[in-house]
Amino acid sequence: NRNVREKILQNYPKPVLFCFNGGFCTYQCSGDEEVDQARINLHFAKNPDHRITREQLDTLKDLSRQKKSLRDERRSRSMSSSAVPKLTGANGVSMVSPIHRRSVSPLA
């Protein structure tokens, strides 16, 4: 997420604590880790459904890996030339010639 990267870069080298509910909910970065931890814990106390448990984190990591894998497969298929059918005649010669392009007159 661009917003998360931006907050990390703005506050570097201080650690930043985040709530990722709905993508990016809030963050804490005062420079005092104890204060930041207390503030993020207060946020989670007020919004208990925002806290990600260790079990949920493992499930979310697996889901993320699966989505990345599917995305990469789609990308590799769309980039490979084998994904595009080639028009060939009976003798195996290409029926599409780059020479036969339609030219358009600028006056048309």
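Me: Why is His-43 called buried?
Reply: His-43 has a relative accessible area of 15%. Buried means under 20%, exposed means over 50%, and partly exposed lies in between, with a 1.4 Å probe and protein chains only. So His-43 is buried, its 15% falling under the 20% limit.

Me: What is the basis of all this?
Reply: This is a predicted model, where local features need pLDDT of at least 70, side-chain atom pairs count only at pLDDT 80 or more, and totals for chains, interfaces and linings use all residues. Residues are numbered from 1 along each chain as its sequence is written, and side-chain values use heavy atoms, leaving out hydrogens and water.

Me: Where is His-43 found, and what is it in contact with?
Reply: His-43 is found in helix 2, residues 33–46. Helices are DSSP runs of H or I with at least four residues, strands are runs of E with at least two, and both are numbered from the N terminus. Neighbours within four places in sequence aside, His-43 is in contact with Cys-19, Cys-25, Thr-26 and His-50. Contact means heavy atoms within 4.5 Å.

Me: How do you know whether Cys-25 is in a disulfide or in none?
Reply: A disulfide is a pair of cysteine sulfur atoms within 2.5 Å. By this rule the count is zero. For Cys-25, the nearest cysteine sulfur belongs to Cys-19 and is 3.9 Å away. That is beyond the limit of 2.5 Å, so Cys-25 is in no disulfide.

Me: Are Cys-25 and Cys-29 buried or partly exposed?
Reply: Cys-25 has 33% relative accessibility, so it counts as partly exposed. Cys-29 has 16%, so it counts as buried.

Me: What makes Asp-62 and Arg-65 a salt bridge?
Reply: The closest N and O atoms of the pair are 2.7 Å apart. The definition asks for a side-chain nitrogen of Lys or Arg within 4 Å of a carboxyl oxygen of Asp or Glu, so the pair qualifies. Both residues lie in helix 3 (residues 54–79), three residues apart, about one turn of the helix. Asp-62 is partly exposed at 41%. Arg-65 is exposed at 51%.

Me: How many salt bridges does a search of the whole structure find?
Reply: The search finds two. Arg-71 and Asp-72 also meet in a salt bridge, at 3.1 Å from N to O. Arg-71 is partly exposed at 34%, and Asp-72 is partly exposed at 38%.

Me: Why can Leu-60 belong to a nonpolar patch?
Reply: Patch residues need over 30% relative accessible area and no salt bridge; like charges are joined within 9 Å, and nonpolar side chains (Val, Leu, Ile, Met, Phe, Trp, Tyr) within 5 Å. Leu-60 has 43%, so it passes the area cut-off. Leu-60 is found in helix 3. Phe-20, Ile-52, Leu-60 and Leu-63 together make the patch, with about 340 Å² of accessible area. Areas come from the Shrake-Rupley method with a 1.4 Å probe; for residues, only the protein chains shown count as cover.

Me: How do you know that the buried residues of helix 1 line one face?
Reply: In helix 1 (residues 2–11), Val-4, Lys-7 and Asn-11 are buried. Seen down the axis, the buried residues of helix 1 fall within an arc of 65°, so they line one face. The arc is that of the directions from the helix axis to the C-beta atoms. The face turned away carries the exposed residues Arg-2, Arg-5 and Leu-9. Cover for the buried residues of helix 1 includes strand 1 (17–19) and strand 2 (26–28).
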